[in-house]
Amino acid sequence: MITTIVVVVIILLVVVILLRGIRIIPQQRVAIVERLGRYHAALSAGVNIIVPFVDRVVRTLDLRTQQVVVPPQVVITKDNVQIQIDTVFFYTIVEPKMATYNIADVVQGIQNITAANIRQVAGHMELDETLAGRDRISISLRTALDEVTESWGVRIDRVEIVDIKPPREIQDAMEKQMKAEREKRANILQAEGERQSKILQAEGEKQSAILRAEGEREARIRQAEGLRQSQQLEADGRAQAIRLVAEAEKTRIEMLRAAGLDANVLTYQSFDALKGIAEGPATTLFVPSEAVGVLSALGTLKKAWQGTSDEDGADQHGTKQ
């Protein structure tokens, strides 16, 4: 029975020793191991073996980027205005051994350096420079922190000025100034908009008048061109008609000459033409001199024919007696 108890105790001791000799380190963590009170090694992520009761894990550090908020700092600017500055910084441990043995509290040390440098930087700036110079303050703080934290095994990734709060009366004055500035910009924008609107309206009316004038000019040009072409076609038609009439008359005269007609036939035809004219609706006739001669000849022939008829009648009457 006693032997069994001793064996069980020995097994338990072996298990405890094995468990104390195995260290599992999570990802992005590092463990500082001391051997007999002195630094021995830094255990990385994964399973690690240490000597039980000799080696001891004194500290586990997080290698991820850490965020620290600095308590609000009350600062007096160069123009004697009291303001409150809220700051936040981000840091990463790059040397676990230095971060463990060179400083007791990294975060407290960075906060103290930040507060001191904020007072120093803002104290040399006026209120307007402080409000507009957040980047300048951030760069100054980061430069000051880099010089100190380099020996601590810490890297400052970023320093941000979260807020700068001036006194309440200055805030009210700034709000009034901003309101006036906004109203000024609004009035300027409204005036600019109205000016642009009038310019665009005038440009539109100008373009409309130009287009209307061009349309009227084009219409007049086309109308004149149409009238010119119409008159030209009408003149061409008349010239063509006159030419055809002249050619027909020429052909008729040539045909009469070819037929060998004498002056008497022409005279008879002229008389026949006058007869046709006289039968028309006209009440006044202009008779050419040649036609008058023809009519005179006809009158002479009529008288001669009537004289011959009277003599024949007298002879016949005498014979009867």
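**Reading the model feature by feature**

A: Let us start with the annotation. The unreviewed UniProt entry lists residues 6-25 as "transmembrane region". Please keep in mind that the model is a predicted one.

Q: Which residues form the nonpolar patch on the surface?

A: A patch is read as a group of neighbouring side chains of one kind. The nonpolar patch consists of Met 1, Ile 2, Ile 5, Val 6, Val 9, Ile 10, Leu 13, Val 14, Ile 17, Leu 18 and Phe 53, and together they have about 1,100 Å² of accessible area. Phe 53, in contrast, sits in the loop between strands S4 (46-49) and S5 (55-62).

Q: Why does Phe 53 count as exposed?

A: The class follows from a cut-off: a residue is exposed when its relative accessible area is over 50%. Phe 53 has 58%, and therefore counts as exposed. Its backbone deserves a look as well, for Phe 53 has a positive phi of about 65° although it is not a glycine. Leu 36 is another non-glycine residue with a positive phi, of about 55°. Leu 36 is located in the loop between S2 and strand S3 (38-43), and at 70% relative accessibility it is exposed.

Q: Which residues make up the patch of negative charge?

A: Here one looks for like charges gathered on the surface. The members are Asp 79, Glu 126, Asp 128 and Glu 129. Asp 128 is part of helix H4, residues 127-132, and it counts as exposed because its relative accessibility is 60%.

Q: How many salt bridges does the structure hold?

A: A salt bridge is read from the distance between the closest N and O atoms. There are 15 salt bridges in the structure. In one of them, Arg 155 pairs with Asp 157 at 2.8 Å. Both partners are partly exposed, Arg 155 at 44% relative accessibility and Asp 157 at 22%.

Q: How many residues apart are Asp 172 and Arg 168 in helix H6?

A: Asp 172 and Arg 168 are four residues apart in helix H6 (residues 168-259), about one turn of the helix. Their salt bridge has its closest N and O atoms 3.4 Å apart. Arg 185 and Glu 181 are likewise four residues apart in H6, so about one helical turn separates them; their closest N and O atoms are 3.9 Å apart. Arg 185 is partly exposed at 43%, and Glu 181 is partly exposed at 35%.

Q: Which residues are linked in a network of salt bridges?

A: A network links several charged residues. Here it joins Arg 29, Asp 62 and Arg 64. Arg 64 also illustrates a contact across the sequence: its C-alpha atom is 6.3 Å from that of Gln 28, although the two residues are 36 apart in sequence. Gln 28 lies in the loop between strand S1 (22-25) and strand S2 (29-35), and is partly exposed at 36% relative accessibility.

Definitions and conventions: Residues numbered from 1 in each chain as written. Predicted model: local features only at pLDDT ≥ 70, side-chain atom pairs only at ≥ 80, totals over all residues. Heavy atoms only, no water. Patch = residues over 30% accessible without salt bridge, like charges linked within 9 Å, V, L, I, M, F, W, Y side chains within 5 Å. Areas by Shrake-Rupley, 256 points an atom, 1.4 Å probe, with all protein chains shown as cover. Salt bridge = Lys/Arg side-chain N within 4 Å of Asp/Glu carboxyl O. Lys, Arg positive; Asp, Glu negative; His and termini not counted. Charge placed at Lys NZ, Arg CZ, Asp CG, Glu CD. Helix = DSSP H or I, 4+ residues; strand = E, 2+ residues; numbered from the N terminus. Buried < 20%, exposed > 50% of the residue type's maximum accessible area, 1.4 Å probe, protein only. UniProt positions renumbered as here; feature names shortened; annotations may be inferred.
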